[in-house]
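Subject: A structure for you to look at

Dear colleague,

I am handing over a structure that I have been going through, and I would be glad if you opened it before reading my notes.

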Amino acid sequence: MTLSGHGGAITTCIFTRDGKRAISASWDHSVRVWDLHTGAQLHALQGHKGAVSSLHLFPDDQHLVSVSWDH
């Protein structure tokens with residue numbers, strides 16, 4: 001399956017513990033959440049002014065931290 005939506009290179013990708021979702025970050029300043037069963041994009045998180053370089057998903061799979069080159 002190909003997940004399309006980012007406008008720049010993917011810098012990192014993580015997965016929920018249940019394996020149902022992937023979360024990707026990109027040079028396009030966004031974080032995207034994907035349903036791995038359907039391939040659908042569930043959320044496009046915007047707001048960074050630089051490339052998103054790292055992601056951390058908390059153990060509850062409900063809270064996410066993103067790190068960007070925008071400081």
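**A pair of strands to begin with**

His-56 stands opposite Val-65, a residue of β6. Please keep in mind while reading that this is a predicted model. The two strands concerned, β5 and β6 (residues 64-68), pair in the antiparallel sense over 5 bridges. They form a hairpin with 6 residues between them, and in that turn Asp-61 has a positive phi of about 60 degrees.

**The chain as a whole**

The protein chain has 6 strands and 0 helices, so that, in keeping with the definition of these elements, its pattern along the sequence reads β-β-β-β-β-β. For 71 residues, a compact globule would have a radius of gyration near 11 Å, and the chain agrees with this because its own value is 11 Å. Along the principal axes, the C-alpha trace spans about 30 × 25 × 15 Å. Of the 71 residues, 32% are buried, while the chain exposes about 4500 Å², with carbon and sulfur atoms supplying 54% of that area. If you consider the contacts with a separation of 6 or more, residues 24 or more positions apart account for 30% of them.

**The nonpolar core**

Which residues make up the largest nonpolar core? There are 8 of them, namely Ile-14, Ile-23, Ala-25, Val-31, Val-33, Val-52, Leu-55 and Leu-57. The elements that give two or more residues to this core are β2 (21-26), β3 (31-35) and β5 (52-57), and β5 gives the most, with 3 residues. As a general background, nonpolar side chains in soluble globular proteins tend to be buried together.

When residues up to four places away in sequence are not counted, Leu-55 touches Thr-12, Ile-14, Ile-23, Ser-24, Ala-25, Val-31, Leu-64, Val-65 and Ser-66. Leaving aside neighbours within four places in sequence, Thr-12 is in contact with Ile-23, Ser-24, Ala-25, Ser-53, Ser-54 and Leu-55.

Is His-6 buried or exposed? His-6, which is found in the segment before β1 (10-15), counts as buried because its relative accessible area is 18%, and the cut-off for buried is under 20%. Its side chain makes a polar contact of 3.2 Å with the side chain of Asp-28, and another, also given as 3.2 Å, with the side chain of Ser-30. Beyond its neighbours within four places in sequence, His-6 is in contact with several residues, among them Ser-24, Ala-25, Arg-32 and Trp-34.

Ser-30 has its place in the loop between β2 and β3, and with a relative accessible area of 0% it is buried. Seen from this end, the polar contact of 3.2 Å again joins the side chains of Ser-30 and His-6. Not counting residues up to four places away in sequence, Ser-30 touches His-6, Ser-24, Ala-25, Leu-45, Gln-46 and Val-52; of these, Ala-25 and Val-52 are also listed in the largest nonpolar core.

With best wishes

How values were computed
Residues are numbered from 1 along each chain as its sequence is written. This is a predicted model: local features need pLDDT of at least 70, side-chain atom pairs count only at pLDDT 80 or more; totals for chains, interfaces and linings use all residues. Side-chain values use heavy atoms; hydrogens and water are left out. A nonpolar core is a set of buried Ala, Val, Leu, Ile, Met, Phe, Trp, Tyr and Cys residues joined through side-chain atoms within 4.5 Å. Buried means under 20% relative accessible area, exposed over 50%, partly exposed in between (1.4 Å probe, protein chains only). Helices (H or I, at least four residues) and strands (E, at least two) are DSSP runs, numbered from the N terminus. Contact means heavy atoms within 4.5 Å. A polar contact is a pair of N or O atoms within 3.5 Å; within protein, one must be able to donate a hydrogen and the other to accept it, and residues adjacent in sequence count only if both atoms are side-chain atoms. Two strands pair if DSSP finds at least two bridges between them. The radius of gyration is taken over C-alpha atoms; the globule rule is 2.2 Å times the number of residues to the power 0.38. Accessible areas come from the Shrake-Rupley method with a 1.4 Å probe; for residues, only the protein chains shown count as cover.
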